[in-house]
Amino acid sequence: MDNFYRVGAEQDLGTPASGNTELIGLYIDGCEIAVPVGTSVMRAAALAGTQIPKLCATEDLEAFGSCRLCLVEIEGRPGHPASCTTLAEEGMSVRTQSPRLEELRRNVMELYISDHPLDCLTCAANGDCELQDMAGVVGLREVRYGDTGANHLAKAKDETAPYFSFDPAKCIVCSRCVRACEEQQGTFALTIEGRGFDSQVVASQADDFIDSECVSCGACVKACPTATLIEKSVVEQGQPTSAVITTCAYCGVGCSFRAELQGDQLVRMVPNRDGHANHGHACVKGRFAFGYASHPDRITTPMIRDSIHDPWQKVSWDEAITHAAQRLQAIQKQYGRKSIGGITSSRCTNEEVYLVQKFVRAAMGNNNVDTCARVCHSPTGYGLKTTLGESAGTQTFDSVMQADVIMVIGSNPTTAHPVFASQMKRRLRQGAGLIVVDPRAIELVNSPHVRADHHLQLRPGTNVAVINALAHTIITEGLEDKDFIAERCEDEAYQVWRTFISQQGNSPEALAEITGVDAETVRAAARLYANAPNGAIYYGLGVTEHSQGSTMVMGIANLAMATGNLGREGVGVNPLRGQNNVQGSCDMGSFPHELPGYRHLSDATTRELFEKEWQVSLDPEPGYRIPNMFDAAVAGEYKGLYIQGEDVAQSDPDIHHVHAALSAMECVIVQDLFLNETAKFAHVFLPGSSFLEKDGTFTNAERRISPVRKVMEPLSGMAEWEVTAALSKAMGYEMHYRHPSEIMDEIARLTPTFRNVSYAKLDEMGSIQWPCNADHPDGTPFMHEGEFVRGKGFFAPTPYVASDERCNSKYPLLLTTGRSLSQYNVGAQTRRTENMLFHNEDRIEIHPTDAETRGISDGGWVGIKSRAGDTVLRALVTDRVQPGVVYTTFHHPESGANVVTTDNSDWATNCPEYKVTAVQAYPVSQPGDWQDSFKRVDKEQRELLEAARS
Ligand code: SF4
Ligand code: SF4
Ligand code: SF4
Ligand code: FES
C-alpha cells in the first residue's frame with residue numbers, strides 16, 4: 001500500500017478567500033495575525049488556528065449570517081456581531097470566547113436541537129455532522145423546551161434522486177444548500193419556502209428532487225452540515241476513513257476530487273476545494289457516476305480468439321501478450337512493416353498515451369499511431385498552431401472571471417463542461433455580456449439569471465461565414481485594435497487578410513442568406529465583442545467537427561488577434577476539450593506526423609533526440625491517420641491494430657465503413673474495461689484499469705497537468721502502462737520503467753514544454769499548466785503574453801466554402817449532434833451507472849413545424865436516413881432546434897447515430913464532419929434494420945463472452 005497517496009481531512013475556513021493581496025493586521029484572542037483585506041473575522045480566526053463555532057457558513061459560499069452561532073466580541077463595538085459577515089479591520093481586537101458568548105451560542109444550539117431527531121448514533125452523518133460537532137463545541141448539556149411542542153420530525157424523506165437522499169426532518173434551514181445551488185452550480189433548483197417555523201427547503205416548487213430542475217451536481221449535498229442531504233453511498237457504507245486526491249476521468253474540465261474510502265472500498269467522490277480547475281465543485285458524472293468501475297460487466301482476465309465468431313478463451317497475461325505479439329509480428333512478416341498500428345485514447349493518462357505512441361514507433365517500426373482527438377479537436381491543433389504558434393487553449397478557467405464579454409461558439413458548456421459552465425454563469429450573473437453562436441438554443445441562451453445578449457442561430461455548416469461576417473464588421477467599422485495588430489502580428493499576412501475580410505462578400509448582409517442569421521444581429525454581436533475591454537472566446541466540437549473545422553479555428557484566432565484579445569487574463573481563444581485528456585493525448589505525440597510536443601517527424605534534429613533516448617531508428621515517414629487505417633484495412637493492406645481505451649466502432653463516423661474495416665483485419669487488440677462495440681471485432685482482449693486503479697496524469701483544456709492517483713489496485717492485476725511495456729518487450733523492444741513517474745521524467749527530458757514537470761513538482765503544486773520549463777518554472781496560466789509562441793501572430797485567410805454535404809429534396813434536413821449532461825461520450829461508463837435514470841436513450845430533436853409536416857409526434861419512432869445509412873430514433877419535438885435542423889446525442893450504440901454520419905471531413909486534419917449530415921426524417925412504427933443488426937451482433941458477442949466466463 002506504499003503506493004497510495006493518502007491525505008487528511010479537508011479544512012473549512014468558514015468564508016471564501018478575499019482574493020486581495022494587501023494585508024492588514026488584527027488580534028484574535030490576543031494573537032496578532034495578518035490577513036488579506038476583505039477577509040472575514042471568522043476566516044482570520046481560522047487562519048490564526050481558532051475555529052469559531054458556525055453552522056450557516058462554509059468556505060465554499062458567501063457569508064450569509066443566519067444561524068447566529070458565530071458571534072464574537074470586538075473591542076470598542078457594542079453587541080455581538082456575527083464573525084462570518086464581519087470583515088477584519090486594521091488593529092481590530094476580537095474575542096472569540098467569553099461567558100456571554102457561551103450562553104448565547106448554547107441558546108442558539110438549544111433551539112436547533114429542540115427540533116432535531118436525536119438519533120445521532122444511528123444517523124448516517126454520525127462523525128461528519130456539523131450540528132453534532134457544534135453541540136459538542138458549545139457544551140450543550142440540556143434542552144429546556146421538551147419534545148412536545150410543534151416540530152418537523154415527522155416529515156417524509158425524499159429518496160427520488162439516485163445518488164443522495166433528502167430528509168427534511170433533519171434540516172436546520174441554514175440555507176447552505178440553496179446558496180450552493182445558486183452560487184456554485186447556478187441552477188437555482190432549491191428555495192426556502194414559507195416563513196418562520198414553516199420555512200422549509202423545497203426543490204422547484206415542492207416537486208420531488210427527481211422531477212425538479214436539479215441536475216444532481218451534489219453541491220448542496222457537500223454544503224449540507226447535517227444528514228439532511230447525504231450521499232446514499234455513505235448511508236449504505238458508512239463514513240469514509242481516508243482519502244486520495246485524484247482527477248476526474250470524464251470531461252476536459254479536469255476536476256480534482258478526494259476519493260474517500262474505507263480501506264480500499266470507495267465510499268464517495270468529493271470535489272476538492274483546492275482543485276485549481278474546479279474549486280470544490282463537480283457535476284453528476286465525476287461526483288457520482290463511478291459505479292462502472294466495479295460493475296459486473298468489467299472484464300478482468302485477458303482473452304483471445306482466432307475469429308470474431310469464436311468463443312473467447314480466458315488466458316494468462318503472459319499467454320495473451322505472447323499471442324498478441326506473435327500475431328502482430330506474423331502480420332508484419334506477411335504484409336509488411338506498415339500493415340499494423342495503434343490508436344491511443346484521450347481517456348487514458350499522458351503516460352499511457354506516450355507509451356503507446358512509443359510502442360508503435362519503436363516496436364512496430366512505423367508511425368501508424370493516431371488518437372481519438374482526430375475525431376474531435378485535431379483542427380484546434382492545426383488552426384491554433386498556424387495562427388498563434390501553439391496547439392492549445394490560451395487561458396485558465398479562472399480567467400473567465402475577468403472577461404467582460406464571452407462568446408461561446410459551437411459548444412454547450414452546461415452539458416459538456418458543466419463545472420466550467422457554472423463558473424461562466426457566475427461571471428454572467430455579475431454582468432458580463434454573452435454571445436452564443438449555435439444552431440440550437442442551448443441552455444446558456446436563456447436560463448435562470450442568464451440570458452444571451454445575442455444568439456446567432458446559424459445553419460449548421462456555416463460557421464466560417466459567420467466568423468467572417470463578424471470580422472468584416474469589426475474591420476470595416478474600424479473596431480480593430482490597431483496597436484495590438486501593429487505590434488504583435490505579421491503585417492503582410494494581416495494586410496492580405498484585411499483586404500480579404502473587407503470584401504463585400506464577407507459582409508453580414510451578403511452572408512445572411514447562407515448563415516440564416518440576420519445582418520443586424522451579427523453586427524451587434526461584433527460590436528459587443530470588439531468594444532469589450534476583455535473579450536473571451538470559448539468553443540467546442542461545433543467548431544471543429546466540420547469540413548472547414550481548421551478554417552474556423554483560424555477564423556476565431558483571427559478575430560481575437562484583430563481585437564487584441566490575447567496575451568492577458570480575461571481574454572483568449574479557449575477550446576473546450578470533450579474527453580478528460582484530449583489535450584494530453586495530443587501533447588504526447590499520438591499523431592502520425594508528430595512526436596511529443598507537436599514536433600514534426602520530418603525534423604531530423606527532433607528525430608535524433610528521440611532516437612538517442614529510445615535507442616532505435618525512427619521511420620521519418622508519417623503514418624496513417626485513423627480514417628486512412630480504415631480505408632487501408634478495407635483495401636486489404638492494413639491488418640493489425642492495438643486500440644487502447646477507444647471505441648471506434650461506436651464513436652467514429654460512417655459506422656458501416658468502420659465495421660467493414662475492423663472485420664477485414666486479422667488481429668484487432670482491444671484494451672478496455674468492457675466488451676465495448678470495438679471489442680466485438682477483437683481477437684485479443686486485454687483488460688484495462690479504471691482511473692481509480694492507476695497512477696498518472698491528465699491534461700485538461702487549460703493545459704493543466706493534474707495527478708491521477710491510484711485509489712485501489714488494478715482489478716486485472718496489471719496497469720495499462722505495464723501491459724503496453726510487456727507487449728513491446730514481446731515484440732522485441734524492451735522498456736525499462738518501474739513507475740509512471742519515470743515515464744513522465746522521460747517526457748520531460750524530451751519535451752521542451754514539459755521540461756520542469758515531475759511527480760514531485762505536481763505534489764508540490766497540485767497541478768501545473770504547461771509550458772513548464774526554465775522560462776516558466778511554475779507553469780503558464782495564460783499564453784502569448786507580450787509575444788506569440790510563433791513570434792508574430794499570423795492572420796490566415798478564411799474563405800467560406802460550403803460543405804459537400806448539401807440538403808436537397810431527398811435529404812431536406814440538417815442533422816447535428818451533441819452530448820447530454822449525464823452521459824459521457826459513447827456511454828460505456830455512464831450507461832453502467834444510475835445516470836441511466838436521467839438519460840436512457842438518444843432521441844432526435846425536431847422542430848414542431850418539421851414534425852407536424854411529417855406527421856411525427858413527440859415520443860414516436862422516427863426513421864432518419866442519410867446518404868451513408870439509416871437508423872430509427874424516438875422523437876423529441878422541441879423548438880430548441882430551428883426548423884430545418886434536427887439534433888441527437890450519440891451515447892447509446894443501439895441508436896446508430898453514427899450510422900447516418902458521413903465520411904466527409906476537415907480539409908486539413910480529416911476530423912469528421914459530424915455536425916452536418918443531410919437527412920430525411922419520417923415516422924415509422926418500430927425500430928429499424930440497424931437496431932435489428934445491432935441486437936443480433938450484440939447477442940452473439942455476449943454469448944461468446946459468456947462462454948469464457950462460465
Ligand atoms: S444537486 Fe446540484 S442542482 Fe441539484 S439541488 Fe443540489 S446543488 Fe442544485
Ligand atoms: S438541507 Fe442541509 S444545507 Fe439545506 S437548509 Fe437544511 S440543513 Fe441546511
Ligand atoms: S465530468 Fe467534467 S465537469 Fe464533471 S466532475 Fe468530471 S471533470 Fe468535472
Ligand atoms: S456561521 Fe455566522 S451566522 Fe451562521
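**Shells, rings and a lysine**

Modeller: Gladly! Sorted by class, the shell around ligand 3 has nine nonpolar, two polar and one charged residues. Keep in mind that this is a predicted model.

Biologist: Which residues are around ligand 3?

Modeller: Cys248, Tyr250, Cys251, Val253, Gly254, Cys255, Phe257, Cys283, Lys285, Gly286, Pro418 and Val419. Helix H12 (418–429) and H7 each supply at least two residues of that shell.

Biologist: And how many nonpolar, polar and charged residues does the shell around ligand 1 have?

Modeller: There you find nine nonpolar and two polar residues, with no charged ones. The residues in question are Phe164, Cys181, Leu190, Phe209, Cys214, Val215, Ser216, Cys217, Gly218, Ala219 and Cys220.

Biologist: Let's turn to rings. How many aromatic pairs does the structure hold?

Modeller: There are 19 aromatic pairs. To sort them, look at the angle between planes: under 30 degrees counts as stacked, and over 60 as edge-to-face. Tyr163 and Phe288 have ring centres 4.9 Å apart and planes at 5 degrees, so this pair is stacked.

Biologist: Where do Tyr163 and Phe288 lie?

Modeller: Tyr163 is in the loop between helix H3 (130–137) and strand E6 (164–166), while Phe288 is in helix H7 (residues 284–288), so the pair ties together parts that are 125 residues apart in sequence. Both Tyr163 and Phe288 are buried. They also belong to one aromatic cluster, formed by Tyr163, Phe164, Phe166, Phe209 and Phe288.

Biologist: Why is the pair of Phe610 and Trp614 edge-to-face?

Modeller: Their planes are at 75 degrees, with the ring centres 5.1 Å apart, so the pair counts as edge-to-face. Phe610 and Trp614 are four residues apart in helix H21 (residues 604–614), about one helical turn. Each of the two is buried.

Biologist: What sits over the ring of Tyr887?

Modeller: The charged end of Arg440, 3.7 Å from the ring centre. Likewise, Arg874 lies over the face of Trp861, at 6.0 Å from the ring centre.

Biologist: What does the side chain of Lys54 reach?

Modeller: Its side chain reaches the backbone oxygen of Ala57 at 3.3 Å. Setting aside neighbours within four places in sequence, Lys54 is in contact with residues including Asp12, Glu130 and Arg176.

Technical notes: Residues are numbered from 1 along each chain as its sequence is written. Chains are lettered from A and ligands numbered from 1 in the order in which they are written. This is a predicted model: local features need pLDDT of at least 70, side-chain atom pairs count only at pLDDT 80 or more; totals for chains, interfaces and linings use all residues. Side-chain values use heavy atoms; hydrogens and water are left out. A residue is near a molecule or strand if one of its heavy atoms lies within 4 Å of it. Ala, Val, Leu, Ile, Met, Phe, Trp, Tyr, Cys and Pro count as nonpolar, Asp, Glu, Lys and Arg as charged, and the others, Gly among them, as polar. Rings of Phe, Tyr and Trp (its six-membered ring) pair if their centres lie within 6.5 Å; planes under 30 degrees apart count as stacked, over 60 as edge-to-face and the rest as tilted. Buried means under 20% relative accessible area, exposed over 50%, partly exposed in between (1.4 Å probe, protein chains only). A charge sits over a ring if NZ of Lys or CZ of Arg is within 6 Å of the ring centre and within 35 degrees of the ring normal. A polar contact is a pair of N or O atoms within 3.5 Å; within protein, one must be able to donate a hydrogen and the other to accept it, and residues adjacent in sequence count only if both atoms are side-chain atoms. Contact means heavy atoms within 4.5 Å.
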